[in-house]
Each structure stands twice: as structure tokens, then as C-alpha cells.
Amino acid sequence: MIRGLAAPTREDVLTGSHPAAVLFDMDGTLVDSERIWEIALHELAAHYGGTLSAPARRAMVGSSMATSMAIMHADLGQEWRDAAYGAAWLEKRVAELFVDGLPWRPGALGLLQLVRAAGIPTALVTSTGRQLVEIALETLGRDSFDVVVCGDEVTAPKPDPEPYLTAARLLGAPIERCVAIEDSPTGVASAVAAGAAVLAVPSEVPLDPAEGVHLLESLTGADLALLARLVAGLDLPTPPA
């Protein structure tokens, strides 16, 4: 918590206008790591002697490692490939690239700091595995999150609601009073299914308007007042007819 700013009590957070918790996705939401994943994925495809198509790459955004490997192998016409080998190769290469540091997405660090300064519980909820998340936390800050839920630590990854439900349970926060911040269709689907209010900021893949989802071009200018309105069910886009 940033010193010098009054923080609400836990009772204030759970019953007042503040969100009970803010649940942040990582890749493409807080940090611009999707571009790093793209480099590694194209290198893996080349290692296999093929070329990854643009539609296949878009389908991978926000997905679990197992789903991404299945998409890649099908795209290359190499379904016989060992998914475990591909995942290990990819994680090793991404780890090498993560070590050099991760660029923040516009407005992401500022919003995270606002939430922490207000004393609102936070969680990192990502499809990325623990090994890579540990490296990313060197950029994100290990004290930035009260709970970290990784893709290899849940039974059913995004788009299943389990990751967000797990984060809310670990925080002791009612999911309907949590705001989830996402960038991909897969992540948005997970958060909506869990019952959270959703703030969505497209990164690599366009997002369509949906009930319960507030779309922004970036997190620049996002503040606590906006998060409070989302929890209250205000300031949300009208769903398409």
C-alpha cells in the first residue's frame, strides 16, 4: 500500500461503493507480453518446419497452454506432435524473453497503484503458468497482488469461470462485487461466467460489446470511480439487439 493515503476498512470495501476486489489479467492487460508470446510461437512453428497462420495466432490469445498447442498443431497439420514437448519448448523461450523485462500497457501501472493505495484487495488471474508468472512478477511487483492464480493451478482454465471464482474465494470477496480487467474474448468469457463486473481493454484481438462488459480503448484515465460504477451496474454498454 502507498503510505500517506487513507485506506478504507475491509467492511467499507465489502459493503460500500468500492469494489470488494479487483482481479487483473496479465498478458495483454497489465503488460504487453502478447507480443513476446507471438515471437516465441512463430519461432516454435519454424522449429516444427511450418508457419503459424494469423487466425490461429488470434485464437490462442488468452487461451491455456494446452489449447494453444492444440491450435498450433492443427494449424500446421501436425496433430501428431507432442503437446508437452511444445509447451516446454515455448515456456523456455518465453522465459528467456521475459527476463529482459515486460513493458506496461498504457494506464495499467497507474490503475494498479490507485487500487493498491485505496486498500482494495487485488488478484492476478492469468492463463500463464507459474514458472513464467514468477519471472513476470519481477516487473509487476510481488507485493502488487494479494493472490496470484496461474493457468496451471486450476482444473479448468479460462474461458471457464474457475480462475476468477478461485481468486475471489481466496480473497474472501463476493465475486459479484469484484471487477475483472481483461483484454481477450477468452478472458472476458471467464470473468462474465464467474459473475464479475468486467472492464475490457482490447489488445491483440477485437472485443464485441456484451452485457456486463465495459469496453475502453486503454486503461489510461480509468480510476476508482469507474470501478465503483461498474460494481453498481452503471456505466455499462447497452448489449446489442
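R130 is partly exposed, with a relative accessible area of 24%, on a scale where buried means under 20%, exposed over 50% and partly exposed in between (1.4 Å probe, protein chains only). The model is predicted, so that local features need pLDDT of at least 70 and side-chain atom pairs count only at pLDDT 80 or more, while totals for chains, interfaces and linings use all residues. Residues are numbered from 1 along each chain as its sequence is written, and side-chain values use heavy atoms, with hydrogens and water left out.

**Salt bridges around E134**

- R130 and E134 form a salt bridge with their closest N and O atoms 2.9 Å apart, the term standing for a side-chain nitrogen of Lys or Arg within 4 Å of a carboxyl oxygen of Asp or Glu.
- The two residues lie four apart in helix 7 (residues 130–140), separated by about one helical turn, where helices (H or I, at least four residues) and strands (E, at least two) are DSSP runs numbered from the N terminus.
- E134, partly exposed at 28% relative accessibility, also forms a salt bridge with R142, at 2.6 Å between the closest N and O atoms, and R142 is itself partly exposed at 44%.
- A network of salt bridges links R130, E134, E138, R142 and E153.

**The K158 and E182 pair**

- The side chains of K158 and E182 meet in a salt bridge at 2.7 Å, N to O.
- This pair links distant parts of the chain, 24 residues apart, with K158 in the loop between strand 3 (147–149) and helix 8 (162–171) and E182 in strand 4 (residues 178–182).
- K158 counts as buried at 4% relative accessibility, and E182 counts as buried at 0%.

**Overall count**

- By the salt-bridge rule, the count comes to twelve.
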